[in-house]
Every structure is written in structure tokens, then in C-alpha cells.
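Here is a note for a colleague who is meeting this structure for the first time. Please read the points below with the sequence and the model side by side.

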Amino acid sequence: MTATGLQSKVHAWNEFGDAMPFAISIKCINATAVPIMALWDEASGFEEAASMSGLRYPPHLTPAVLDKEPENASEIFKEVFAGQSPLSISFESVSYFENEYLVLWARPSHVDALFNLHASLHRHLDPGACHEHYRVGQWVPHCSLATKIPPPRRQQAMEWAQQKRLAVSVDFEVADLVRFPPVVVRRECKLRA
């Protein structure tokens, strides 16, 4: 499946009706987040209001978006994240998802450890409760940069994405379970070597 047409996690709750969804993410709360936050500032120039800095939540990768909080959240965090080492992820380019609003995102280099973490997490989740684009075999890892680019700015943002080359490495060292929007952290686990 290609990235074109995928819905971003910020818009994913529309498929869950009025219920606010949950997400399991890994986030960066150290100095390596600074280049991604600089990209947020750059990409927000295409938006009416800065979507990512407006979340008040650090740069992150989200391997699961769910319609409800998993009943086995304690088990998931113990078995999947408690023994997980931090992940150092390199980003080389910017891409986009085409939705009602264009979504810009940093594309991570392929990292087996990231896909292994995703597969391990999904062994503990009900596939029917997970947003289809986050399921095994369909997930496109992405670090969102701007999620609400209106149609009049779409072409300019897509051209920016196609020309943008990155040399950014980010250390993701915390896993969490959040409810959104707005982002409310429900559970957190420091990743340790």
C-alpha cells in the first residue's frame, strides 16, 4: 500500500465516530528532537495554525491507533516496551498523505527494529480495534510535520516535500499510550537498553 490516500493519525478518529481514539507511540524527549521541531516550524508555514507544535506533544512515531484503550495495556507495556532499547531512527526525506487536508511527514529509513517493535506490539492487539492503516502489513512509519494544510496551499507544500532532503537522526526513548485530541498521556514507559 502506498502512502497516498492514507489518513493521518490526527484525522483517524473520524472513522471511530464520536469516540476519541487512543494511540500507542514512541516519542523523543531529548535534544535529538530539535531538527524535527525545526521542520514543524518550516512545514507549519503551509497551515493556518501550527498543527504539530499546537499538540504540545514531542516528535513521535505511532505504531497503533485504536478505538478504545486496550484492556491489557499493563501487559503490553511490560512485554513489549519494558525490555525495549531506545530506537535511533534516521530520516532522509519528506513525504505527504493526501486527505481533506494535506499531511506532511518525515520518512524514516527502513529500520528492522522499528518493524519488529510494531509486529511485537500488534501480537497483543485486537486487529479489529486498530485503525486499518496501522495494522501489520499496512503501516507506513511516519513522523508528522504538519497535518492541516488546506487545499489552496497543497501544491506548494507537495513541491516543498519533493525537494526537501534530510539528514536527521532522532532517538526515540519513551513509549506511551495517549488519548487524543487533545493529547492526554495515559501510560508511559522509558525504553532501556
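1. A charge is said to sit over a ring if NZ of Lys or CZ of Arg is within 6 Å of the ring centre and within 35 degrees of the ring normal. With that in mind, and remembering that this is a predicted model, one may look at R187, which lies over the face of F77 at 6.0 Å from the ring centre.

2. The ring of F77 also has an aromatic partner. The structure holds five aromatic pairs, and one of them joins F77 and F81 in a tilted arrangement, with 5.0 Å centre to centre and 50° between the planes. Both residues belong to helix α2, which covers residues 73-81, and they are four residues apart, or about one turn of the helix. F77 is buried, because its relative accessible area is 5%, where buried means under 20%; F81, at 0% relative accessibility, counts as buried as well.

3. A further aromatic pair is formed by F97 and W105, and this one is stacked, the centres being 4.8 Å apart and the planes 25° from each other. F97 has a relative accessibility of 1% and therefore counts as buried, and W105, with a relative accessible area of 0%, is buried too.

4. Strand β4, residues 102-108, is joined to β3 by six bridges, and the two run antiparallel. Strand β3, residues 87-97, also pairs with β6 in the antiparallel sense, again over six bridges, and here L87 stands opposite F172 of β6.

5. Strand β6, residues 165-172, deserves a separate look, as its side chains alternate along the strand.

6. A last point concerns H60, which lies in strand β2, residues 60-66. H60 counts as buried because its relative accessibility is 5%, and its side chain reaches the backbone oxygen of P58 at 2.8 Å.

Methods
Residues are numbered from 1 along each chain as its sequence is written. This is a predicted model: local features need pLDDT of at least 70, side-chain atom pairs count only at pLDDT 80 or more; totals for chains, interfaces and linings use all residues. Side-chain values use heavy atoms; hydrogens and water are left out. Rings of Phe, Tyr and Trp (its six-membered ring) pair if their centres lie within 6.5 Å; planes under 30 degrees apart count as stacked, over 60 as edge-to-face and the rest as tilted. Buried means under 20% relative accessible area, exposed over 50%, partly exposed in between (1.4 Å probe, protein chains only). A polar contact is a pair of N or O atoms within 3.5 Å; within protein, one must be able to donate a hydrogen and the other to accept it, and residues adjacent in sequence count only if both atoms are side-chain atoms. Two strands pair if DSSP finds at least two bridges between them.
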